[in-house]
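Hi,

Here is the structure I promised you. Have a look at it first, then read my notes below.

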Amino acid sequence: MATLSLSGIRKSFGQTEVLHGIELDVADGEMIVVVGASGCGKSTLLRIVAGLETPTSGTVRIDGRDVTKLEPADRDIAMVFQNYALYPHMSVFENMAYGLRIRGLPMVEIRKRVAEAAEMLEIGPLLERKPRQLSGGQRQRVAMGRAIVREPKLFLFDEPLSNLDAKLRVQMRAEIRRLQKRLGVTSLFVTHDQVEAMTLGDRLVVMHKGRAAQVASPMEVWGVPADTYVAGFIGSPAMNFLSATLVQGGGGAQLKAGPALPFADGPRPGEDGTKLVIGIRPEHVQHLPDGAGALPLAVDLVEPLGSETVIHGRLPGEEVLVARLPLAAGAIGEVLPVGLPPASWHVFSAEGARLPARATAPA
Amino acid sequence: MRKKVIFKGVALPYLLLLPQLIITGIFFFWPAGQAIYGSFLREDAFGLSREFVGFENFADILADPNYLNAVSNTVIFSSAVAFSALGVALFLAVQADKAIRGADFYKTMLIWPYAIAPAIAAVLWLFLFHPQIGLFGRFLNGIGIPWDYKLNGGQAMLMVIIAAAWKQVSYNFIFFLAGLQSIPRSVLEAAAIDGARPARRFWTVIFPLLAPTSFFLLVVNLVYAFFDTFGTIHALTRGGPGQSTTTLIYKVYVDGVENLNFGASAAQSVILMALVIALTAIQFRFIERKVHY
Ligand SMILES: Nc1ncnc2c1ncn2[C@@H]1O[C@H](COP(=O)(O)OP(=O)(O)O)[C@@H](O)[C@H]1O
Ligand SMILES: [Mg+2]
């Protein structure tokens, strides 16, 4: 168990810089999920922590000790790879015992630890098998077991669930979370799947093009996204973005789609006429059958999900809007009266950064 | 994936196979049959008559100290060639696998020796090892180490081993490199994270994963050293000095072509044929099983 601290991590491959200065402090026992689109530098960051890549600049500290220049072997970490990376010529037992043998543990201790981990992961009967005799899910468990027996300071996971089928993925996800809580090992988990990120992480690092766009708890990332990228990445269906301009001396927004409405949480800084982006999640769009203050949504696609319906359509001004409504409302071609309550708005600048309400005297 | 092509009837497939069958028949089965037949015959001193002598030719050669000397030469020569060619190739392949800059150049250079004809290679080696005009030969004699492979049997053996092994290194190198490149990077990274240093990673992960390749190459190299090194030996030492570099295959040639002792030569050929069939069978069995780990 340990803390992890990254400061100013930059990494270039040749001329291209793929990480542009990552800062992160991980508390003892915390589970951090690094989430972002494919190619944004998640694996590179994890590999730098593991010591498989050297950062171009910046430092990695584990338990306060600078390990930036240390070999992977000297960092006391364990890693679970996307393709599991089991040793194909060794049995499950040997796979799990390999790291312990290298550390020169007595055989009695090795057997004990492997047996414990195998029981925890329910792979006891498989110990004599070779990796090729295992299913994907079993290999995944062995890879986890190999990490657990080491009792390392840090667990690193690089998309360990992405090669599993959907059902197994959900099951393993819960299992990893339970194990991590039980063992209390500080962990860094990389994924491109926002659901995995939301359910697994104590905190998320949302990465975008080699930068940490936001580091916060899952609910905060969902509720108060730092920019339009994070807002669009987390949540499904994705948040709607509507063009608007600042009006009423900063007190409200004139939507391109129609009405001018006051902000619910106070005025924004800036000149009237400044371009804005108003974000609203599909689940916050309201169906207003009585029509008062409603905008007409011309429905062009209906996706029934059972208890809810996802409706795609266009508002006036050719603004695209997706709504998630509780009942099977709307049909293709119909015009649906919808409301966009300002209390559910996320206000962003035209460049995409969140615009918080101007600090006002407490009421 | 296997594709099965279905022909109607049996005539067409046999017709298509015919050229191959004829070639195999004329150039392999017929001479092989002749050798087996010849191994049971003995000619008189003038080559005028032949008589059937049963296994006498075999009994004679197995009791012949010269033949036993050739057996021991072959064992020494073949194992030395196979192990040094494998060892050097593995070392070079590991280096090439690590190389990032100039890797292609390096690989190309290493593959070249395979394309050089034995006679030309032999001339190159003579330029190096000739006691008077060779680079190494003169150097060794210059620093007081007497070097003359024409007089010293051990030195002659060393030279043919080096020359034969050198030629096989390229072939082994290609296979080892392919084997190394098929080991997933992440497996080696997992070992590094598990705490294994490079040497340990090599012996506990890379080497075992190369075992199937190594075994295949061992058989290929032994077959090469047994049967395919006649040209190298002939060009460098002609089996000498004395009979110190006469291997089994070389002795077949000496007895049959130079001494015109066809019965003995045929019996030796039959023994070698049995050997090559055994080695090939081992290899086929192994490849068929496709067991990797
Ligand atoms: N060894 C490498 N050499 C050159 N470019 C690399 C290397 N590893 C990763 N990259 C590049 O760095 C970027 C980030 O890669 P990666 O960290 O694997 O992304 P992610 O894991 O988020 O999908 C990608 O554009 C990738 O092409
Ligand atoms: Mg990745």
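This is a predicted model: local features need pLDDT of at least 70, side-chain atom pairs count only at pLDDT 80 or more; totals for chains, interfaces and linings use all residues.

A:Tyr84 is buried, with a relative accessible area of 6% (buried means under 20%, exposed over 50% and partly exposed in between, using a 1.4 Å probe and protein chains only). This residue is in the loop of chain A between β6 (77-80) and α2 (92-102); helices (H or I, at least four residues) and strands (E, at least two) are DSSP runs, numbered from the N terminus.

Residues are numbered from 1 along each chain as its sequence is written, chains are lettered from A and ligands numbered from 1 in the order in which they are written, and side-chain values use heavy atoms, with hydrogens and water left out.

A:Asp63 also has a positive phi, about 55°, although it is not a glycine. You'll find A:Asp63 in the loop between β4 (57-62) and β5 (65-66) of chain A, and at 41% relative accessibility it counts as partly exposed.

A:Pro237 sits in the loop between α8 (228-233) and β11 (240-247) of chain A.

Next, a strand. In a regular strand the side chains alternate between the two faces of the sheet. Strand β20 (residues 346-349) of chain A is covered on both faces: A:His346 and A:Phe348 are buried on one side, A:Val347 and A:Ser349 on the other. β20(A) pairs with strand β14 (residues 275-280) of chain A in the antiparallel sense, over four bridges (two strands pair if DSSP finds at least two bridges between them). Opposite A:His346 in β20(A) stands A:Gly279.

Finally, what about the largest pocket? Its volume is about 1,000 Å³. A pocket here is an open set of points on a 1 Å grid over the protein atoms alone, where a 1.4 Å probe fits, with protein on both sides within 12 Å along at least five of seven lines; lining residues have an atom within 4 Å of a point. Of the 27 lining residues, the closest to the centre are B:Lys98, B:Arg185, B:Leu188, B:Glu189 and B:Arg201. α9(B) gives the most to this lining, with five residues.

Cheers

How values were computed:
Grid points are joined across faces, edges and corners, and a volume is the space filled by probe spheres set on the points.
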